[in-house]
Amino acid sequence: MAARNALRQCVAVARADVLDRGRDRRFLVVLLASAYLGHLVTVGDLEMALGDNGFRGVHNAAWLGTNMALAGSAAVAVFGFYYTKTAIERDRHGGPRQLIASSPIGTVAYLVGKWLSNLALLAVVLGAMGVSVVLLFALRGTGPFDPVALLAPLALFAFPVAALVAAVALAFEATPVLRGSLGNVLYLVALVAIPVVPAVDPLGGTFIVESMQQAIAAQYPDYTGGGFSFGYIAGEYQRFEWQGLPVTADLLLHRVAYFAVAPVIVVFAAVPFDRLSPDAGFGRSLPWPSRSGEESVSDGDASADPMVTVDHGSRTAVEPEPVTLGTVDAARTFRPVRLLVAELKLALAGRSRLWYAGYVGLFVGGLAAPSGPATRVVLTLAWVWPLFVWSQTGVREYRHGTHELVFTSLHPLAQLLATWAASVVCVGVLVGPAAVRFGLAGDLGVALAMAAGVLMVPSLAAAAGVTTRTGRVFEVGYLLVWYVAIVNQTPALDYGGVTGAPSASAALFAAVAVASMAVAVVGRWRLLR
Amino acid sequence: MTLTAENLGKRWSGDVWGIRNASLDLDDGVVGLLGPNGAGKSTFMQVIATVTKPTEGRLYWNGADVAASPNDVRSVLGYLPQDFGVYPNLTATEFLEYMAALKGLPGGVARDRIDELLAVTNLEEYRGRKLSGYSGGMRQRVGIAQALLNDPDLLIVDEPTVGLDPAERVRFRNVIGDLTEDRLVILSTHIVTDVESTATELVVLDDGRLLTQTTPEALIDEVDGMTWEWTVSSDRLTAVKRSHPVTKTVRRAGGVLVRAVSPDRPDPDATAVEPTLEDAYLWTIEHDGGA
């Protein structure tokens, strides 16, 4: 009876959540993007290439279905995580928080319901990819139409990834320290850093690559092996026939294991989960009124204020002392410096001591570090340290519910520019000393590229924030850019001065900055019209 | 100060209108905006506060079209929305300093004003405490303080007394009462007693339509001689409620004392009593709202 009740609760939580998120217009955009992935796979813009000669498969059902599955798995692993990491947040900030927290539903039942909801949404996304690849195979595919070969890889490889990601996203949401931006960053870092070996390979790529390599070796005896890549790959290539991965018991067990691990993660997530408590503290992003404890002050304390007792005939009422308010004679005009200082204070308020210490350390490092590897390390960190400051641009007002106050103030457009300028100052302070040193040493190209970068990154944040009203898009997108351009030291994209080579891209970075700010300003202006 | 609405309408989506065909003229004073839930009060206030643009009609502030030049309103506006947030990591003083910067107040003037407002809203003692530690009522008082920061010519407060204890409600009414000179205060509420003591004019909305623009005295006059009280047995109460707009019931030893508004004597035992603003408001909603 209890089990049936818990099951009913899980299903109810999942159903309500799927309906709520599924009816959001953003989900339609996600589905369209998923269908577009099918297009990219079937035209060969997104596919596997193996070996030094870039071997690629003939576009038969098995090849396209498997590439679709790999693309789907990667998309779910990266973007699916950030998309589904709103299941609890919506309840926490959307209104029913107290209703759910005070209901008899068990914590595990609630989390399982949310996991099912995450999984259902990701399954619909994978379904859209499946429909897309089936329809487009009919137009562009080679060989017989084989729906099983087209769709089985999605079920076998991408669906377990979806189950795992749905659970991990929930675990991050349930853990206070991982709930916010820090969790977003850590997930991406983990995704990039965790090595893939056959035993631990959630995406299943190692099985697929091994099978494909065997097929190439059979068809091209001079094949010498080599690595593989996935994505848009230019250059010469040779085609080989591949009929798909045989589904063995080992493979099935491997894939089902990931599916089985997911509920275990969900159950463990119940341990740190605060059950939507308003005073969870760490990681909290909205201002809940405190319920109790030292920090909170109740309305009742107001009665401590001096009161006057007034006699109204037979009864006695208590009235507060009369209060009067003066007038303000000063002109109310645009004060840019004051606005910038106010935005800077706000941007830096409430960070952890570790963050402040790191910021000061990077500033000192920027001044004192000798040229070469030491400066490169400082710059690499400096270009990511203010991430959470940047990602608030255009978002903070919605996140904290102050948008109606801010947007009806004297210069709401200037407020956006002041927020952006505060972000520029934040990163400028960190990378400025190194840029000046490059300039003085004659590396004017590097200094200019860095200056353009200082303008570009906060501009990208502003554009993403105003457009999406969430910091998540910028955080994920920028981390990928930072990883490719700064960590991997790609000269053509080096806006950070880490390659030391003069960059011809300063003009491009400046143009991106201008275009991004135009998007942000127009977006805010449209809101204010 | 004049605010003029001409056939003002705001459509949220499809056929859902927040407010429609609203025309009125408002001058200095405290205007009480009354109406049941969903009447369009908040929509009306959001349009005036330039949070959203009207779908149809025009709104003029001192003769200037608000949609064309919203800064004319924003430069003199104090606004307390029904739902608003604060930055939890800031103290009340820091938050008000931030809002003062947005409103273009010089630093010294802002500091003095903040001191004054923290005293008026009874938050002096907690001014250094982070807002994350504030109760709902205290945050509401911070909201009231930020609305008054720039000494606004146009003050719009949407359900300002929600979450305030009785003493703080009285304090707020006193503040509003002191503000009326040379400014327009628009006070939206569904608590009639909030406007009873302060409003010089009333606007009643229902279902997105403007039912009437009048004074409290004139609204009360409309039900003069139509307000009755009598005692009925408990089992007759439901029938009485069906046939008359009941404004109040009080359980007593001999039954239930019923207060209702009716053009005719509703019961042979009913006696005429002095009408209140609440009687008049409920009669207006009941009588004109369904029209």
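A residue is counted as buried when its relative accessible area is under 20%. By this criterion, both faces of strand 9 of chain B are covered in the predicted model. Glu201(B), Val203(B) and Leu205(B) are buried on one side, and Leu202(B), Val204(B) and Asp206(B) are buried on the other. Strand 9 of chain B spans residues 201–206, and since six of its six residues are buried, the strand is largely enclosed by the rest of the structure.

Strand 9 of chain B pairs with strand 3 of chain B (residues 29–34) in the parallel sense, over four bridges. Within this pairing, Leu202(B) of strand 9 has Gly32(B) opposite. Strand 9 of chain B is also joined to strand 10 of chain B (residues 209–214), in this case by five bridges and in an antiparallel arrangement. Here Asp206(B) has Arg209(B) of strand 10 as its bridge partner. Strands 9 and 10 of chain B form a hairpin with two residues between the strands, and Asp207(B) in this hairpin adopts a positive phi near 55°.

Chain B also contains an open sheet of four strands in the order 2-1-4-5, with antiparallel pairing. Strand 2 (16–26) and strand 5 (64–65) of chain B are the edge strands, each pairing on one side only. Strand 1 (residues 3–13) and strand 4 (residues 56–61) of chain B run antiparallel and are joined by five bridges. Gly9(B) is bridged to Glu56(B) in strand 4 of chain B. Helix 1 of chain B (residues 41–48) packs on this sheet and touches strand 1, strand 2 and strand 4 of chain B. The direction of helix 1 makes about 115° with that of strand 1 of chain B.

Another open sheet in chain B has four strands in the order 12-13-11-14, and its pairing is antiparallel. Strand 12 (246–252) and strand 14 (271–272) of chain B are at the edges; each has a single partner strand, so one side of each lacks a neighbour in the sheet. Strand 14 of chain B pairs with strand 11 of chain B (residues 227–232) in the antiparallel sense over two bridges. Thr271(B) in strand 14 is the bridge partner of Glu229(B). Helix 10 of chain B (residues 277–288) packs on the sheet, in contact with strand 11, strand 12 and strand 13 (255–261) of chain B. Between the direction of helix 10 and that of strand 13 of chain B the angle is about 65°.

Helix packing was examined next. The crossing is left-handed. On the chain A side, the contact is made by Arg338(A), Leu339(A), Ala342(A), Glu343(A), Lys345(A) and Leu346(A). Helix 3 of chain B contributes Glu97(B), Tyr98(B), Ala100(B), Ala101(B) and Leu102(B). By class, this contact comprises seven nonpolar, no polar and four charged residues.

Within chain A, helix 13 (residues 373–382) and helix 17 (residues 412–440) pack with their axes 10 Å apart, at an angle of about 150°. Helix 13 of chain A passes helix 17 of chain A in a left-handed crossing. Thr375(A), Leu379(A) and Ala382(A) of helix 13 make the contact with Val427(A), Leu430(A), Val431(A), Ala434(A), Arg437(A) and Phe438(A) of helix 17. The contact has seven nonpolar residues, one polar and one charged.

Ser211(A) lies in helix 9 of chain A (residues 205–219). With 11% relative accessibility, Ser211(A) counts as buried. Apart from neighbours within four places in sequence, Ser211(A) is in contact with Trp242(A), Gly244(A), Leu245(A) and Pro246(A).

Cys10(A), at 9% relative accessibility, counts as buried, as does Cys426(A) at 1%. With a disulfide taken as a pair of cysteine sulfur atoms within 2.5 Å, the count over all chains is zero.

Definitions and conventions: Residues are numbered from 1 along each chain as its sequence is written. Chains are lettered from A and ligands numbered from 1 in the order in which they are written. This is a predicted model: local features need pLDDT of at least 70, side-chain atom pairs count only at pLDDT 80 or more; totals for chains, interfaces and linings use all residues. Side-chain values use heavy atoms; hydrogens and water are left out. A crossing is left-handed if the near helix is turned anticlockwise from the far one by less than a right angle, and right-handed if clockwise. Contact means heavy atoms within 4.5 Å. Ala, Val, Leu, Ile, Met, Phe, Trp, Tyr, Cys and Pro count as nonpolar, Asp, Glu, Lys and Arg as charged, and the others, Gly among them, as polar. Buried means under 20% relative accessible area, exposed over 50%, partly exposed in between (1.4 Å probe, protein chains only). Two strands pair if DSSP finds at least two bridges between them. Axes are lines fitted to C-alpha atoms, for helices over the stretch in contact, and angles run from 0 to 180 degrees between N-to-C directions.
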